[in-house]
Amino acid sequence: MKETVGRSGTVIQVPAARAKDARASNVKWLTPRAWRRWVNVGLRGHTADGLPGPLWAGRLEDRNAACADLLFSSGMRLSEGGSLLTFEVPSIRLQGGRYYVGRIGAAVTRSKKARTFYVAAHVVGEVEAYRQGLRAEAVHKAQAIGRYDAVSDMRLVTKVTSGVKRVVHWCDRNGVMGRKALSDLTVAERMTLYTEGPQGPEPLWLWLNEQGLPLRISSWEGVFRAANERCRAVLDPSPETPGFDRYRSVAPQATPHAARHSFALYMLVVLHYLMDQKFGLTPEERRDFRLLYGDPWRMVQDLLGHADLETTRAIYLAPVADLQLRSLLETAPLPHDDAAGAGLPLDDVFARVARETEGIQDIEARLESRKGSIA
């Protein structure tokens, strides 16, 4: 902590380390089921009943949903997840696994330090489906009309070395050879990288627009904004409806950074759940586990790539920083198989956290709250 002068002129204590863009007014969280509702309605065009919208014509829904779920599942910043190259996405293994591991280049992180990210297997499947479907189609159309021939700053990658520090080798339009460590490539440099495909050059940048060209990171803000507007239009009644209170909106609202906040909340609850219930640890065993593997707070700090634990605790996870999660989770349901895919084992736990904490969006809890106010 450090001392500073507050608005009233008094000396107050504030965290010494704080994410620059994590102002209290910007921090929002969504529970897993609230996130699923936001993706399905806002990005996939579902109705309030959870069915595909009859008039929906979302040409880019596979791309948008895959990227949004990648941010939510991995906790990456938009600049990190939005600048991935195709070969940086973990590949699905035949032996399976719940989580897959990847690396984020140092040049695209805020700390300028490379770090590992983890992403759920089903999200890797979403990204792979996008690559083989919508993305491949956009690339094929661009190649057919010669769109890539007009890319003046193209760097055609000739080789990517393996090993601890991977190096990208390329040749530009003038025939000049170049190379640079993969981790040191900036966002702008990544957008210029292409590879020679079966039908000609194609971008290595993972996320493409409808023209088959790299989608700028700033464009994702518009995607999220449009999804929020659709959620409001579909899930909220019109302002003329009797009893409507716009401050009790049931439509989930998300931003790229809210996905990162929500990932942190999810991982903290899951890690506490594993330590306090699934493993059946005694207080002594729990102490030994934390000494060996680290406290869940520090695990989440590492996953987010924060240099200071206070940033993780005081900003990203402020709603649950003062909760006794162990006692909260003592009554959590055991993991169960849900064939219909309607819920997660920890949905009830997240609902309890949302009811007791301001700032966390959980659909069912907010629906009940609005019904009570109308009645």
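How many of the 14 residues of helix 2 are buried? The answer is 13, so helix 2 is mostly covered; buried means under 20% relative accessible area, exposed over 50%, and partly exposed in between (1.4 Å probe, protein chains only).

The views below show a predicted model, in which local features need pLDDT of at least 70, side-chain atom pairs count only at pLDDT 80 or more, and totals for chains, interfaces and linings use all residues. Residues are numbered from 1 along each chain as its sequence is written, and side-chain values use heavy atoms, with hydrogens and water left out.

**View A. Helix 2 and the glycine that follows.** Helix 2 covers residues 61-74. Helices (H or I, at least four residues) and strands (E, at least two) are DSSP runs, numbered from the N terminus. The end C-alpha atoms of helix 2 are 20 Å apart, which agrees with the 20 Å that its 14 residues should span at 1.5 Å a residue. That expected span is 1.5 Å times one less than the number of residues. Just after helix 2, Gly-75 has a positive phi of about 80°.

**View B. Helix 1, largely enclosed.** Helix 1 has 12 residues. From first C-alpha to last it reaches 16 Å, close to the 16 Å expected at 1.5 Å a residue. The rest of the structure largely encloses helix 1, because 9 of its 12 residues are buried. Among them are Trp-35, Trp-38, Val-39, Val-41 and Leu-43.

**View C. The Arg-33 to Asp-362 salt bridge.** Arg-33 and Asp-362 form a salt bridge, with their closest N and O atoms 2.8 Å apart. A salt bridge here is a side-chain nitrogen of Lys or Arg within 4 Å of a carboxyl oxygen of Asp or Glu. Arg-33 lies in helix 1 (residues 32-43), and Asp-362 in the loop between strand 11 (360-361) and helix 13 (363-374), so the pair ties together parts that are 329 residues apart in sequence. Arg-33 counts as buried at 18% relative accessibility. Asp-362 counts as buried at 0%.

**View D. The Glu-88 to Arg-190 salt bridge.** The side chains of Glu-88 and Arg-190 meet at 2.6 Å, N to O. This pair links distant parts of the chain, 102 residues apart. Glu-88 sits in the loop between helix 3 (78-81) and strand 4 (99-104), Arg-190 in helix 5 (residues 187-190). Both residues are buried.

View E. Lys-141 and Glu-137 form a salt bridge at 3.3 Å, N to O. About one helical turn separates them, because they are 4 residues apart in helix 4 (residues 121-144). An α-helix has 3.6 residues a turn, so residues three or four places apart point the same way. Glu-137 is partly exposed, with a relative accessible area of 41%. Elsewhere, salt bridges that share partners join Arg-44, Glu-61, Asp-62 and Glu-126 into one network. The whole structure holds 10 salt bridges.

**View F. Strand 9 and its two pairings.** Strand 6 (residues 155-160) and strand 9 (residues 193-197) run parallel, joined by 2 bridges. Two strands pair if DSSP finds at least two bridges between them. Arg-155 stands opposite Leu-193 of strand 9. Strand 9 also pairs with strand 10 (residues 200-203), in the antiparallel sense, over 4 bridges. There, Tyr-194 has Pro-203 in strand 10 as its bridge partner. Strands 9 and 10 form a hairpin with 2 residues between them.
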